[in-house]
Amino acid sequence: MSTFLEPADPAPTAAERLHIAGLHSPSDAVLSVRDLNVSFNSENGAVHAVRGVNFDLMPGKTLGIVGESGSGKSVTSLAIMGLLPATAEISGSVRLKGKELLGLSDKAMCAYRGNDIAMVFQDPLSSLTPVYTVGTQITEALTIHNPGMSKAAKETRAVELLAMVGIPSPRNRLRAFPHEFSGGMRQRVMIAIAIANNPRVLIADEPTTALDVTIQAQVLEVLHTAQEETGAAVVMITHDLGVVAGIADDIMVMYAGKPVETGSVDDIYYDPRMPYTMGLLGAVPRVDVAEKSSLVPIDGIPPNLLHTPTGCSFAPRCPLVTDACLDGEPALSPVPGTGYHQAACIKSGSLGGDVDVHEIFSAPPVPVSRFDLIPRGDRSTVLELKDVRKHFPLTKGALLKRRIGTVKAVDGLSFDIREGECFSIVGESGSGKTTTLLEIMEFHKDQDGEVIIGGISNKQAADAKTKSAMRREMQMVFQDPTGALDPRFTVYEVLAEPLQNAGLSKRAIKKRIMELMNLVGLQPDHVNRFPNQFSGGQRQRVGIARALAVNPKLVVLDEPVSALDVSVQAGVINLLDKLRAELGLSYLMVAHDLSVVRHISNRVAVMYLGKIVEIGEVDRVFDNPRHPYTRALLSAIPVPDPQFERTRERIILQGDLPSPLDAPKGCNFATRCPVFAALPAAKQEHCLTLEPPLEAVQPSAAVEILEAGPAPTPDQRFACFFPDGELDEHMLVVHETAEPHAP
Amino acid sequence: MIRYLAKRGITYVFMIFLTTSAGYFLAVSSLKPALLEQERIPRPTPEQVANSMRLKGLDPDLSPWERYVEWLNGIVTRWDWGRSPNGAFINAEFGDRVWISTRLFLASIILTLVIGVALGVYSAARQYKFQDRVITSYSYLAYIVPAPIAYFLVQLGAININETVGERIFFVTGISTPGMQPGWAQFVDMVAHYAVPTIAITLVGWGSYQIAQRQYLLDNVNADFVRTARAKGLTRNQAITRHALRVSFIPVAQSIAFTIPAIFAGGFFAEKIFAWPGVGSWSIDAISLQDVNAATATLAYGSVIFALGAILADFATTLVDPRVRVQ
């Protein structure tokens, strides 16, 4: 039934191939969209948000719409649902089971919305009404379309729906309010509401973007179950090429409001024919590949949709652009020699097969640092943490505060960073990553534990002079480049501030600023511009330049690329890589995107509830994870490789990160551990009462990835008693086996 | 809930005690009723003045601390808030004036709220349309025009009507005509007295609620959860009335709970202009008449009523917002 279960068919029939993009009669399509155009009137003129979208969606199939922010993918979905503001001008045709939806009044549209066609939105935290119980909100969806349904029947159905989306003790949870649920749980409720009336079409607009990877894996599983149960066709909108690789049958890539490439999932991932798609695929780092190659940066920014492009909308950013590209916008046309694969590029015929995307986009060579040749032990230490703890008291009462517990945000952290290396900390939100950064940045002598920066310990940092010497050693780059730059400072002022603090002369400051602009790849004559005149990627470059101004040894990167679009992200990552090599910098990075971490880091620490559960050299940890949590985390990351995704075995962790208050006495992870669940009771007792120490991997255990020569203790330590234990089979999911499973 | 109330109550009693004590010290060290007495004709001797003050418990020769202890002692042991320089007892004066203020404002507060919130919802649903522009412009105008001027304008309007008709329909000042027979005539007289101040206060007052309710509702009209409700199959108007309205009422409810007491305690413009001798006008008079005890009493009343407002605001929030837990 579900398209997930089908192995890649090497030769689909012609009829099957024709089912996308309006090439065949839409009679059997459940949803068919023709020449959909949406424009909004703004103060500057009409913004053409969507221009000519066509597709047919077959029952039970999944279409992935992929694009960066502003590409028109969300507007397309809202136009189909009839949820755009009345000021939007919509033309074209949207047919649901043959009935035209465009032009229907709000009231007439209500008969379809939530009944035949339903939607799951991006942000589960704000998508549920805070003042009504979850049960009320689910039954409301039932009441609207089944006015005759009895109250008892509605409640039974609501319980059934909550159970289906995997909410424990659903009957009691009906009376809970949305704020009593975590983000992942709320998204499950959203899915329950969407499938309440067995819709034929389910539109999911970035359903997992706001969630942690482990929760993302759970929610994607729930969506999969929902699709199996209802047989609905799914439109999955995302910017993450990994998310759709495993679940979509067909893909539509959008750019500047227009579909620029459509085809089966294998066509798009293995044989992209539009330079934009090729660039996007090359711009994403992969979590499963050790070999390092530079990412493909796509220069420039998406076009302004105020002006209808005269040529190919991607031409200004395309490395293969010729004069012919500027002469009229190319239409989506079949790729020669294929079935229903279409691309909007005049060169699509010549881009097949073994064209190397790294060459086309002239990706820079992998930079080599002078430190790479020196063994790690011989390099000096730039930052060392010894048993750092940060415990927050949890208090109750307004006037007289009583301590009712302790949140161990950071609980005994020790690691060191050597010259020229990038050390990353990964983990779910709530694992203590940010608190760790703050503890390092806010070092003071009364801290619990020792922070040694450039050889000076925080215990010595009593006077202002020592402190500022330590401060100069490390600088920070923040997650949100827009929020981190003062909007009323020009770039010159932003960069001059740290230099003035360091006491440089005016002349020296000016010279240094020009150097910095060149260093981060900005035009030096842009120094008098304000941050809002730059794009997101450029702003992050300004943030990096500011951090580098005083020549620090260590740069602390807090989610440096998570606020950026995929194509822009690649350029910033390449820049960070280049700076590390050229300037001999060390990085301490916190990131939730494990692919980025693998790409850029030398060493990595996995944190869970304030503790490091596994630490070591990045390739060792990622290729041979020992701790069950690391294994689960890695298996939750979607990889932009459809074949791999379809056959992959996943560990789906149950539930959310537990409250630090409920942390067990022994191993923190025991409550969600897939190994623990399968252990015999005696061994479980061991996990629950004793805290596993962080121990090195024995050389024998990792013999298969050892290089030649006598084996020292490998650089990998983990905290688990039973790393080789069997995994609980209920937490394993493989779609290939086609066996029904419990999510 | 009871424990919560008790806890909050104790906190507020303590705060009221502090503000009132501070107010007393300020009043006792800056207000000198004896000076006012000396302007009488024939001018009394300083000894006479001091004597009469001492009899009323306002001895100017005692230090502020001694007077404070005496005053506090009177309140704690006998619930006696002291006397005015003219000899009147604060306790007796006070009861009358609170009742007058309450009568003056009760009707207009209810009208203000109902009209303000209703117009807020109405105009938010028609954002930028003609009706919205008229209503919201009016509200901003009412915001800008100082209340006394608006009250005068309404009075002028009422006088105009009286003159046009050639008969006195409205009273523009005063509470009632003395010596009216109980029954229908007295009722008509009461309505004639009530109409002008009530209309004036209402006309000026609803603007702020209208603006607040309109703004909060508009903030929520395009909220994600309204979109979810529409995606379920509700029309836009249904989604707004069922989902956005209740959420947008949370901050409005809170502000209502806080402003009601403020009006009771501080409506001195209205009381002065319409010549209703309530608490507000009394507090102003107390200062100009160098009346230490009356000034402190009105301050204490204001504190109590703000504490009530704060507790009321907590209740209102708990009532409309399930996310808030009272502990």
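Colleague: Which residue is the bridge partner of Leu63(A) in β9(A)?
Modeller: Asp250(A) is the partner there. This is a predicted model, where local features need pLDDT of at least 70, side-chain atom pairs count only at pLDDT 80 or more, and totals for chains, interfaces and linings use all residues. Residues are numbered from 1 along each chain as its sequence is written, while chains are lettered from A and ligands numbered from 1 in the order in which they are written.

Colleague: What makes β3(A) and strand β9 of chain A a pair?
Modeller: Two strands pair if DSSP finds at least two bridges between them. β3(A) and β9 (residues 250-255) have 4 bridges and run parallel, so they meet that rule. Strands themselves are DSSP runs of E with at least two residues, helices are runs of H or I with at least four, and both are numbered from the N terminus.

Colleague: And how is β3(A) joined to β8(A)?
Modeller: By 5 bridges, again parallel; Ile65(A) stands opposite Ile237(A). β8 (residues 233-238) also pairs with β7 (residues 201-205) of chain A, in the parallel sense over 5 bridges, and there Val235(A) partners Ile203(A).

Colleague: Why are β6 and β11 of chain A said to stand at the edges?
Modeller: The open sheet runs β6-β7-β8-β3-β9-β10-β12-β11 in chain A, with mixed pairing over 8 strands. β6 (117-120) and β11 (333-334) each have a single partner strand, so one side of each lacks a neighbour in the sheet.

Colleague: Why is β3 of chain A called mostly covered?
Modeller: A residue is buried if 20 or more other C-beta atoms, placed from the backbone, lie within 10 Å of its own, exposed if 12 or fewer, and partly exposed in between. In β3 (residues 62-66), 5 of its 5 residues are buried. Both faces are covered: Thr62(A), Gly64(A) and Val66(A) sit on one side, Leu63(A) and Ile65(A) on the other.

Colleague: Is Glu384(A) buried or partly exposed?
Modeller: Glu384(A) has 17 other C-beta atoms within 10 Å, so the count falls in the partly exposed range. Glu384(A) is in strand β13 (residues 381-396) of chain A. Beyond four places in sequence, Glu384(A) is in contact (C-beta atoms, placed from the backbone, within 7 Å) with Asp416(A) and Ile452(A).

Colleague: What makes helix α8 of chain A largely enclosed?
Modeller: Of the 18 residues in α8(A), 15 are buried, so the rest of the structure largely encloses the helix.

Colleague: How do you know that the length of helix α8 of chain A agrees with what its residues should span?
Modeller: The expected span is 1.5 Å times one less than the number of residues. For α8 (residues 213-230) that should be 26 Å, and the end C-alpha atoms are 25 Å apart, which agrees. Gly231(A) follows, with a positive phi near 65°.

Colleague: How many residues of chain A are in contact with chain B?
Modeller: 26 residues of chain A touch 20 residues of chain B. The largest share on the chain A side, 4 residues, comes from α4(A).

Colleague: Where does pLDDT stay under 50 in chain A?
Modeller: One such stretch is residues 701-710, which has 7 contacts beyond four places in sequence. pLDDT is the predictor's confidence in each residue, from 0 to 100. Chain A averages 85, and 91% of the residues score at least 70. Where pLDDT is low, the predicted coordinates should not be read in detail.

Notes:
Two residues are in contact if their C-beta atoms, placed from the backbone, lie within 7 Å.
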